[in-house]
Amino acid sequence: MQPLIKVTDLSMEYGDKKVLENVSLEVYPAEFIAIIGKSGCGKSTFLRLLSGLETAVAGEISQNGQTVQGINSQARIMFQNDRFLPWKKNIGNVGIGLKGEWRKQARQLLKQVGLEGYEEQYPITLSGGQKQRVALARALIHQPEFLLLDEPLGALDALTRMEMQQLIATICREKQVTCMLVTHDVEEAVMLADRVIVLEDGQVKSEWQIDLPHERKRADSKFRNYVEQLLKEILV
Amino acid sequence: MKRKKWDNLIIPFIVPLVVLILWQYFSSIGVISDRILPSPTDVINKGIKLTQTGELPANILISLRRAVIGFILGGSIGFILGMVNGMFQLFDRVFDTSIQMLRTIPHLSLIPLVILWFGIDEAAKIFLVTIGVLFPIYINTYHGVKQVDPELIEMGKAYGLNRWKLFTEIVFPGALSSILVGVRYALGIMWTSLIVAETISADSGIGYMATNAREFMQMDTIVLCIVIYALLGKFSDVIARMLENRWQKWSIR
């Protein structure tokens, strides 16, 4: 199978500080990748490079065999904070940047993320979890080949977080979207990912295939096993 | 709910009403001489009379016209400069310091110069209003643009908005509340500038009516002009507030 995304020797630095060093990675269609690592390991930068918000100092990113330059129009990123336009209603925020007949689809997506009936309200009235649901709808309406998740659940409480993980897992698998999640939460990574990449000091330390069927159970001994091994890997 | 609305309508007018009643009362018993201040009824009568002769509506229209033209001119220039300097570093570096320097000049100090340039022509009044309105609109637009959340702009870029869309969807709405503050402030300056300009050099308009009335000791006309200025000021403030409410619905929970 051809990889959807191919990253070759990607390096990034801010001033003198090296943030990423020769990172190479292949991502296959419909695969769910999680990137974990200590804060400052370069995982968020990696995601920003993939979305095209920043430009690498060396290396190449290609999608479907074509080099990505500037904003990656086939990818959509979901940020840690919601980044809504507060003056637009929820449905308008979902449809940002779209022309023509997007409303019907926006409605449908809002329904899919469980927010039917919230279309005509302003984002200020939403709770944290609801906001990230709308943000998910906003990312998915573009039908991206590649969905980038930059710790989107980081600010949520534990319960809402679990709900959202479930929702993301379900929707992304149903739509066959290729996903890359950056997180510091090892459990979240094991819950969602087919493959986990451990990043350390800007380099890939190791890759882990998570061979568990969906839906995954946190209490399952194999699940716990993965979590423990990964934690060890990060902390040592 | 209904009761509350009613209260909101009434309460702000209690103080002016009491003042008016006291004023009328003290005038009628002679405590306030009509050489100092004519009674409210005198002023109203004068207003009716001048309306019938057509003098008052004509002068109001003239003043209003000057105000509106000056406001549109100054407002547009201030808005465009504020937007451009706020959005583009290069323009900011080239123009902002100069504009900030000009801003510190009280624009009414230009009156002697303006009279020499334009005489008592329409241009003189409109010029003064334009200059007066320009700066508050400029500063508030500029700051409004500067304070737009860079994360929102980044989101817009990541979601494929082009430059024009970034402006119409994010930068302009993000700066709007600040711009509206500038508009309200500028409306106040608009009237002040106009009054001063019309008082000093004019042959028409409300300010001229008042100055002219002074020559003939027509107290009632002078007070009438002041009241009309107050009404016009209030009127423009109400419009500004309506715009704010209309465009800022989203900020209310």
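Author: Let's start with the largest pocket, whose volume is about 470 Å³. This is a predicted model, with local features needing pLDDT of at least 70 and side-chain atom pairs pLDDT 80 or more, while totals for chains, interfaces and linings use all residues. Residues are numbered from 1 along each chain as written, chains are lettered from A in written order, and side-chain values use heavy atoms, without hydrogens and water.

Reader: Which residues line the largest pocket, and which are closest to its centre?

Author: A pocket is an open set of points on a 1 Å grid where a 1.4 Å probe fits, with protein on both sides within 12 Å along at least five of seven lines; lining residues have an atom within 4 Å of a point. Here 14 residues form the lining, and Met87(B), Ile153(B), Arg163(B), Leu166(B) and Val171(B) are the closest to the centre. The largest share, 5 residues, comes from H9(B).

Reader: What does Met180(A) touch, leaving aside neighbours within four places in sequence?

Author: Contact means heavy atoms within 4.5 Å. Met180(A) has such contacts with residues including Leu25(A), Phe46(A), Leu50(A) and Phe146(A).

Key
Grid points are joined across faces, edges and corners, and a volume is the space filled by probe spheres set on the points. Helices (H or I, at least four residues) and strands (E, at least two) are DSSP runs, numbered from the N terminus.
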